[in-house]
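I opened the notebook to look up two residues and the chain around them. My notes follow the order in which I checked things.

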Amino acid sequence: MSAAAVEHPCDGEPESLLETANSLMEQLTGYRVEIIGGVITVAPPPDGPHADALTTLMIPFLAAGLHGQETRVLQGIGLWLPGGPEDYAIPDLAVVDADFGEHLAENNCYDPAVFRLVLEVTSSNYNNDLRNKVAAYAEAKIPVYVIVDRKHGRVHVLTEPMGGGYDSHQVYAPGQTVTLPDSIGAPVTLDVDELIRVGRPRI
């Protein structure tokens with residue numbers, strides 16, 4: 001009498017992208033892990049000038065009263081993206097509706113409908129902010145996307161999301177000022193020269 005071959009079931013299903021991303025976040029303290037277009041991206045911890053630019057950016061938003069009863073100004077809040085079943089981003093800065101807490105989506109991320117503006121200060125993975133996130137944020141219908149491009153010394157303001165991009169893309173150089181759309185909740189003007197100066201990487 002011969003013994004029948006025994007097939008052992010797999011130990012478990014392979015990890016989902018979301019599980020892998022969350023595992024990476026636990027292992028890589030200080031790194032930002034996101035899923036954009038079905039691809040996990042990992043950004044290194046920000047350097048000092050990046051943090052300086054981010055704080056400098058917050059000042060005019062706070063001075064305009066955007067961190068109040070109608071809207072809140074938040075750093076590092078998760079944004080659930082419609083581009084894929086597990087896509088999400090963690091923008092450097094966002095202006096959101098004050099009731100954002102009632103719109104939790106998944107994985108500690110919030111429905112894109114509560115975001116009035118997202119802002120990124122570029123790091124070494126600047127192409128992600130300038131390309132992949134443009135498509136992702138437009139698809140999520142984020143009304144205003146601002147990029148402080150430290151590598152090229154410019155500030156981009158993208159508005160009017162349409163499909164995989166924005167219909168309006170304005171680029172500002174040092175010496176210019178940026179007036180953001182009133183749709184974010186209050187008039188805000190940014191000094192490009194100051195942002196590029198404080199954000200310039202120290203070598």
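Is Thr 159 buried or exposed? I kept in mind that this is a predicted model. I found a relative accessible area of 14% for Thr 159. The cut-off for buried is under 20%, so Thr 159 counts as buried.

I then looked up where Thr 159 sits. It lies in strand 10, which covers residues 154-162.

Next entry: Thr 71. I placed Thr 71 in strand 3, residues 71-75. Its relative accessible area is 3%, so I noted Thr 71 as buried too. What does the side chain of Thr 71 reach? I found the backbone oxygen of Leu 66, at 2.5 Å. Leu 66 is also among the residues that Thr 71 touches, not counting those up to four places away in sequence.

Last, the whole chain. I noted 4 helices and 13 strands. The C-alpha trace spans about 90 × 40 × 30 Å along its principal axes. Of the 203 residues, 44% count as buried. For contacts with a separation of 6 or more, I found that 53% come from residues 24 or more positions apart. The chain exposes about 10,700 Å², and carbon and sulfur atoms supply 51% of that. I also checked charges: there are 12 positive and 28 negative, and their mean positions are 13 Å apart.

How values were computed
Residues numbered from 1 in each chain as written. Predicted model: local features only at pLDDT ≥ 70, side-chain atom pairs only at ≥ 80, totals over all residues. Heavy atoms only, no water. Helix = DSSP H or I, 4+ residues; strand = E, 2+ residues; numbered from the N terminus. Buried < 20%, exposed > 50% of the residue type's maximum accessible area, 1.4 Å probe, protein only. Contact = heavy atoms within 4.5 Å. Areas by Shrake-Rupley, 256 points an atom, 1.4 Å probe, with all protein chains shown as cover. Lys, Arg positive; Asp, Glu negative; His and termini not counted. Charge placed at Lys NZ, Arg CZ, Asp CG, Glu CD. Polar contact = N/O pair within 3.5 Å; in protein donor to acceptor, adjacent residues only side chain to side chain.
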